[in-house]
Protein chains: 4
Amino acid sequence: MRPKFSGVFAALTTPFHNHAIALDKFKDNLSRYNETELAGYVVLGSTGEAVLLRDEEAEAMVKEAKATAAPTKKIIVGTARESTQATIDITNRMAELGADAALVKPPYYYKSQLTQDVLRRHFLSVADKVRIPIIIYNIPQNTGIAITPALLIELSHHPHIAGVKDSSGVLSNLTEALPRAAADFSFLIGAGNVFLPGLIMGASGGVLAAASAVPALWTKLYALFQAGRLDEARKLQLDLVPLNRLLTQTLGIPAIKYSLDLLGFYGGPPRPPLLPLEEQGKAEVKRELERLGLL
Amino acid sequence: MRPKFSGVFAALTTPFHNHAIALDKFKDNLSRYNETELAGYVVLGSTGEAVLLRDEEAEAMVKEAKATAAPTKKIIVGTARESTQATIDITNRMAELGADAALVKPPYYYKSQLTQDVLRRHFLSVADKVRIPIIIYNIPQNTGIAITPALLIELSHHPHIAGVKDSSGVLSNLTEALPRAAADFSFLIGAGNVFLPGLIMGASGGVLAAASAVPALWTKLYALFQAGRLDEARKLQLDLVPLNRLLTQTLGIPAIKYSLDLLGFYGGPPRPPLLPLEEQGKAEVKRELERLGLL
Amino acid sequence: MRPKFSGVFAALTTPFHNHAIALDKFKDNLSRYNETELAGYVVLGSTGEAVLLRDEEAEAMVKEAKATAAPTKKIIVGTARESTQATIDITNRMAELGADAALVKPPYYYKSQLTQDVLRRHFLSVADKVRIPIIIYNIPQNTGIAITPALLIELSHHPHIAGVKDSSGVLSNLTEALPRAAADFSFLIGAGNVFLPGLIMGASGGVLAAASAVPALWTKLYALFQAGRLDEARKLQLDLVPLNRLLTQTLGIPAIKYSLDLLGFYGGPPRPPLLPLEEQGKAEVKRELERLGLL
Amino acid sequence: MRPKFSGVFAALTTPFHNHAIALDKFKDNLSRYNETELAGYVVLGSTGEAVLLRDEEAEAMVKEAKATAAPTKKIIVGTARESTQATIDITNRMAELGADAALVKPPYYYKSQLTQDVLRRHFLSVADKVRIPIIIYNIPQNTGIAITPALLIELSHHPHIAGVKDSSGVLSNLTEALPRAAADFSFLIGAGNVFLPGLIMGASGGVLAAASAVPALWTKLYALFQAGRLDEARKLQLDLVPLNRLLTQTLGIPAIKYSLDLLGFYGGPPRPPLLPLEEQGKAEVKRELERLGLL
């Protein structure tokens, strides 16, 4: 029940065409991802516009991922809802459909009520009742809720809580939590701009939105680290920072999708309220992809 | 299409029993609210734990509200989703079920992408396609997204955008927006601790969570203001502040539900991750209700 | 030792010429202010660029204020320092030079250490040792430190703590604190856009930066409120909001100084790092002054 | 004029006895620090309670540092003031007294006016007029003002701006700024919990508050990194995290001073409003020092 998660996981986009999910495009993208060194995929994460999907669309995505993903690729599915019970139900439904693990961000609407104690009870209740391992998802820039190292350490000892994806970019979350977390707890970096430093400090891998656009560069970075070729790894990490910033901070999902379109995947438009890139944003993305030798 | 909203609207709770919605309890509560001077009800607002409900539960609540609410009471339904299209769909569905207006908070997950321009397009797209008036819902303490006075002024000129519920407590939102908003735009105060000051500056009413617990005191405050009995109004406003703080800030929904239980309504437990009040919280609520002469 | 502060206090600018304080210009300004209905002056407040002055410059300003202010005008001097003892020393020095009261913002550099308990001890230590009344200064938008209503209530009972200037714009600070504060405690509004609502809820006056630019309009607003002419007061309050916003939020001190230059006072340049208004800002200020019939 | 800063710099405390600066204690501490591998000292930094000192006290500290520091140890002095001109004057005064470089945090009081453009002009004005190199000091947790990587890159090309001390803990500031900053620009880590990751990504050293308490452990960490003994370095970094957290986040300066008292240096009390550690804090600090084998 408690596998180790290591290597690079790509947070996948959800392809739309004429406002509907384009499962064929998703299948094509997956087929190409299957040929990479990615350790697996996150479906229905933040990058997957999960909060913009209907339940049946979400299920269709997971079914397609299960049908098409190479057997060696782990499928992690975003399943969090504001309600504790709904999170359990969706997680178990996604488990039936083939999810290997669930990525669970905290509830975040009733901010003044969501104390660390309430969050602890929520995660433990979910963990008690799910049939697949869960990975805690810390992304305070979107949720406004920070999971403290102290809470993470406590949660790490539940047998169904296998790891954390930390997208905060605050590396002290790792250096504070990891030494005191359960021994087989997986710390996954969710902020591409600190991926290498995180690996060096003990992270077992990363869940990276930018790895959906340029998977080979991130898996190369991971391989260089694994091989102890630190100077090359550092150079590559620094080279990737400007693109990563465009794809995950300045421009976001529309820029990831535009990159996919340029690089032979299907990107397509985001779903409103998100809007496609304007010309200036497109030029910035193109320039960075050219600088990295990808166009 | 653009009615004026004035007076006191109570943001209603959603009663649960054995983890399921208790429609009979909701009916009983509504019957009692029908006898008050409330101008109407908000169903599926923040107080209604809307983010913790399934779609079919939400629909059942609106149907019951429509069936039981006195014809003079307006029914405002919270209908916002992260997706623009989903917000439109749910709003129109709730219109079919009898909603008089929709309360629409902004999307708030992709914070770095949700510029004022993106929010403007979102609200205008929604307003273009809905069959009932919408009321913008500004509650930055929960969403992390603030709707600026400048955006509000712009939105106020759309014929389907009838007003705003401002729960921020920042009264300058009113003093800055109201003089330049469309003439028949309704500014509704959503923060009970500044209800009277808001009325004096031009708000036409309030949508108040605490009015679900103690409706008569808030409608009395409104009536005192209407009658120009300002000294009495001020005294009552100040008297209500400590209870309002408990019900909407310190302790939140569990405290509203506990108050209902004490006052002859049905409160019941909140849905997890929200937790029932502990003993200390109960004592604080009881003390305030006693101080106000209600117990 | 505990006088009541009521009416409109103008937060005065510090005039510079060739980078030095221009005491003659300050004297001229004061002579004009003496002819207004202002209740008094704040010297060395935020508007006075106090944090940009040397100690001897600060003393010269207070001496000039004492020499020139009409005897009926109270002189309130900003005296806060990060160090508790330094705050005491400067306060007592300013008392010697003629200050009637001191305006004391909290220390704010060591944010993680400055708990409400540390702030309480700081203010009580200062209050114990000063020879003039102090007015607590809550301006979290600049300091990053909020003084809670609970702390304010506690501090209000010290005989040397005469009141608070609240510049937060959060009117619930008043509605929560005032009913439980000491009976003769003065609540002064520091945010011009909620001046009238504050008065109606029980504030005894205001300390307003914008009152240094257009004193007659703010004292008129206060007089209308005093006379119970609420409709006229509300109209004037709303009329003043756009100018107030420019002078205290969007453009700040340089806009106040530019207004003074336009209105026959001496404004002059701010001290770097603050920079004089650019053309666009000047045009905005001019337009608002014209709209108010002042140019 | 643009030396490289590398290695470990300790941010020194300011010893007080009977509320006055105890220069003899400072001399004793310095004599002991001279025997370490520290690259130099920061005097009058945040750790040095600089904002709590009078100007003459500040000067006395720098004179003593110059008199006692070993000639190989660089002396970096905190010199920032809110006023641009005052910052220049103090910096040049400290240069006269023997400072090798100045540590300059941004102005931070007039937050709404302190745009990145205003900050840029401020730092460039200071840099133009000072006689020693300056090191930009980014500590948004205290100032509320963040210096963006874009601004830092621009400032790095001024010949008098030698580097940055980044205490934010946000390592992407380094990964984003360093590849595009001037070639000889020194990036110094100011957050002990990410010291090693920072070194690995290209930082040339650190300015560490915790290095005033346990200098040998931090210089050992730096030496391990220099020697390519990464596994040992990582282990030591993780070992240091809990103490670092106590000394720089949870408990702060009082905990550093208490550590000094336990370890044979002079710590003494902080200056109010800062308060000495209470018993619980003392026990926590003691426990961590014991765990590290230092007691």
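Predicted model: local features only at pLDDT ≥ 70, side-chain atom pairs only at ≥ 80, totals over all residues.
**Exercise 1. The fold of chain A**

Task: Describe the secondary structure of chain A and state why chain A counts as compact as a globular protein of its length.

Solution: Start with the elements: chain A has 13 helices and ten strands. Next, take its radius of gyration, which is 18 Å; the globule rule gives 19 Å for 295 residues, and the two values are close, so chain A is as compact as a globular protein of that length. Its C-alpha atoms fill a box of roughly 50 × 45 × 40 Å along the principal axes. Then consider burial: 66% of the 295 residues are buried. Finally, of the contacts between residues at least 6 apart in sequence, 72% join residues at least 24 apart.

**Exercise 2. The setting of R271(A)**

Task: Locate R271(A) in chain A, decide whether it is buried or exposed, and list what it touches.

Solution: R271(A) sits in the loop between α12 (253–262) and α13 (279–291). Its relative accessible area is 10%; the cut-off for buried is under 20%, so R271(A) is buried. The side chain of R271(A) reaches the backbone oxygen of L52(A) at 3.0 Å. Leaving out residues up to four places away in sequence, R271(A) touches F16(A), H19(A), A20(A), E49(A), L52(A), L53(A), E57(A) and, from chain B, S83(B).

Note on methods. Residues numbered from 1 in each chain as written. Chains lettered and ligands numbered in written order. Heavy atoms only, no water. Helix = DSSP H or I, 4+ residues; strand = E, 2+ residues; numbered from the N terminus. Rg over C-alpha atoms; globule rule 2.2 N^0.38 Å. Buried < 20%, exposed > 50% of the residue type's maximum accessible area, 1.4 Å probe, protein only. Contact = heavy atoms within 4.5 Å. Polar contact = N/O pair within 3.5 Å; in protein donor to acceptor, adjacent residues only side chain to side chain.
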